[in-house]
Number of protein chains: 2
Amino acid sequence: MTVYRNVGEVPDPVDLALVIVAAPRVPEILAEIGERGIRHAIIESAGFAETGEQGKTLQAETKRVLEQYGIRALGPNCVGVVNTDNGLSTTDILDEALIPGNTAIIAQSGVFGNILLDKLHLQRLYISKAVTLGNRIDVDESEILDYLHQDPTTQVIMMYLEGAANGRLLTRTLMRVSRDKPVLILKSGRTGQGVAATASHTGSLSGEDSLYEGMFAQTGVIRAKSLNELVEFTRVFSTQPLPLGPNLGIVTGSGSMGALATDAAVIVGLEVPPPSMAVVNEIQKRAPGWMNIKNPLDIGPSGLFEEALSALAQDPAYDMVLAIFTIPHAILLNLKALGVDIAQRFGEIKNLRKLAPEKPLVVCVVGHDDFVDLAAELAGPAHIPILTSPEMAAEALAALWRYRKWKERSTS
Amino acid sequence: MTVYRNVGEVPDPVDLALVIVAAPRVPEILAEIGERGIRHAIIESAGFAETGEQGKTLQAETKRVLEQYGIRALGPNCVGVVNTDNGLSTTDILDEALIPGNTAIIAQSGVFGNILLDKLHLQRLYISKAVTLGNRIDVDESEILDYLHQDPTTQVIMMYLEGAANGRLLTRTLMRVSRDKPVLILKSGRTGQGVAATASHTGSLSGEDSLYEGMFAQTGVIRAKSLNELVEFTRVFSTQPLPLGPNLGIVTGSGSMGALATDAAVIVGLEVPPPSMAVVNEIQKRAPGWMNIKNPLDIGPSGLFEEALSALAQDPAYDMVLAIFTIPHAILLNLKALGVDIAQRFGEIKNLRKLAPEKPLVVCVVGHDDFVDLAAELAGPAHIPILTSPEMAAEALAALWRYRKWKERSTS
């Protein structure tokens, strides 16, 4: 790598300038960048509007320089972008975060973007593009949404938002984008004190939460209540088709987990109807006497996971299926020691997709961490997400159904 | 191990009989146990009231045998008990699940108990006793609660409940136990369909959820909304003192995580007030110009974690403190490669407790899994729980405060 003494010396071609000097020097550096004929910049430096009056003045001065030279800029107070199509990252990330995927990240906060890039690949959620916005001196979330709407590798968009740069513009943009690609948003500033916290973070005014609640409902946005929910819901949205109806079939190795998932599903608007008679009869043939052939279908220690799952996945009574795997870890280790094929015990997760290509299928594993890893292995490259919370799994499936209904209403 | 042909042949002393024969043979085996003079039994066999009319008849018949011989029994349809005091386990569990701790489990479902025993030790939550109740032919949750109330090694009780065996008795018992030891309950059957699911699981009638909601509020029970919440809240209750007030101080490496935690805390009734002037001045001395000395206190990349945490933990403005650790993992790996002491960067978590022995302190790590493990290592044997969700951490602290207020009201 060659280091130059000033911007003017850098040879052609230059597509993008990354600015990481101390905040007070940013305007003069941007002027050099403009003189050099560079028209795109990412300003990573912090110390602008988020710090108070002096910072606001500096940000206004910076904006004037950008306008003078016609420079389009991201930031300041961000970590720039990641593009897994061409391997570009303007921030220091792990190689695994560059594995290409179908999910785009828009994060108002640089650290938030970094955190997602560190976490998501561990859960087999891979990224198309990631954009951190910072103080939005120029480019804002609406412009990025429009870009991702057109981006062929992006199928799902997840966003962390503190406040809209322009509420009306964002509403119009979301309405357009949501019709084609689901947008999941985690928004902070739900309380007065949360708003105050965001003001000193990215200098944004988050505004009344009820306005955002209305905006999101109107535009089909899936609003996450927590960071965890944002990630888990996105894992399901990025891998599953949309359900054709609200009917959920549950296969479980534990009656308690089945009951918890049922409660969670019904509370957020799904139906948990009984299996069709043909399916009941089919399972009955092989089931032990103690097994209640209902929904949720508690297979207990029968070992009939594969049969039950395959029957429910193909039952026209269901629009989507949740499989909850449980096994005491000591028993799993014993089975392994005896040479039992664990994949057989839980069925070929990787073949599930073929049984019901049009239905959302989610696996939830509750137990030892090693068992969760094993299930991920069994799922292989098949796009079946392995969640660990039965309630979250049910809620994610319900979010798919709500989004489907919104799409139908908004396009009819 | 010697195997005997029948119960009568087993030599003295026999404290407890474990019954794991097929359900229809249970009454006759219990009669043999009674004849042999054994007065305590755990019936693990399933196939009783949870399976329908025939099973109900069999359970009634079994109950008659128990009464005839004066046998006290747990089950059927359970996996019995674990006692880490003496290393007894009536179910096949990992050795790590027998590490002694201060938390007792009561689970109506055997599998649920097993799942917790597999999961909790991985999060450094250790058990005193675990009891699975099954169909409660004799011993029920109220009797176990009374036992755990007296048990010197049990400080916190976590429970999975589908429905009370006797609602009035449970209310009276919880009222008594909660005054001394916190009881955290996850109850399924919140919806009609959830109730139906529990009926075919442990044969219990869960009843109207609003009745339980009232019972729990009256008796100071901390009700968990999900399995995940039950575990995370219990991790905090089992390690932290109760706060003296509602004021939460937040130190964070990420403004976004600080805002999310603030929202979550305020929504569930905590206050997030500014630091006292003395503390602001003290931190100001060492803080870089861009740092906003507020609450949440976003230290950004200043590296001032230890100073900020120590100042807030000792600030009389706060009754409890939440520390949110974030760092891009690539930077953490670079620091490690450069030989930087990571413990120094985040401060000696294990010394935090000494700074504020009377205040609840929770650490939340958001990022790569290895970073979570590293933080757990830094915390060492100190009783500081490492959570991974900023919202959950705030909600757990709020639950501590609500419990504290209930205790004050109920004992005054």
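Copies of a chain are superposed here by least squares on the C-alpha atoms of residues with pLDDT of at least 70 in both. Keep that in mind, everyone, and let's look at the pair.

Quick ground rules: this is a predicted model, where local features need pLDDT of at least 70, side-chain atom pairs count only at pLDDT 80 or more, and totals for chains, interfaces and linings use all residues. Residues are numbered from 1 along each chain as its sequence is written, and chains are lettered from A and ligands numbered from 1 in the order in which they are written.

So how does chain A lie on chain B? A turn of 180° with a shift of 0.0 Å along the axis does it, at an RMSD of 0.0 Å. That is the relation of a two-fold axis. In chain A, the residue that comes closest to the rotation axis is A:Asn228, its C-alpha at 5.6 Å.

Now the contact between the chains. Two residues are in contact if their C-beta atoms, placed from the backbone, lie within 7 Å. By that rule, 59 residues of chain A touch 58 residues of chain B. Which helix of chain A gives the largest share of its side? H9(A), with nine residues; helix H9 covers 255-267. Helices here are DSSP runs of H or I, at least four residues, numbered from the N terminus. The same surface serves both copies, as 98% of the contact residues of chain A recur in chain B.

Note on methods:
Helix = DSSP H or I, 4+ residues; strand = E, 2+ residues; numbered from the N terminus.
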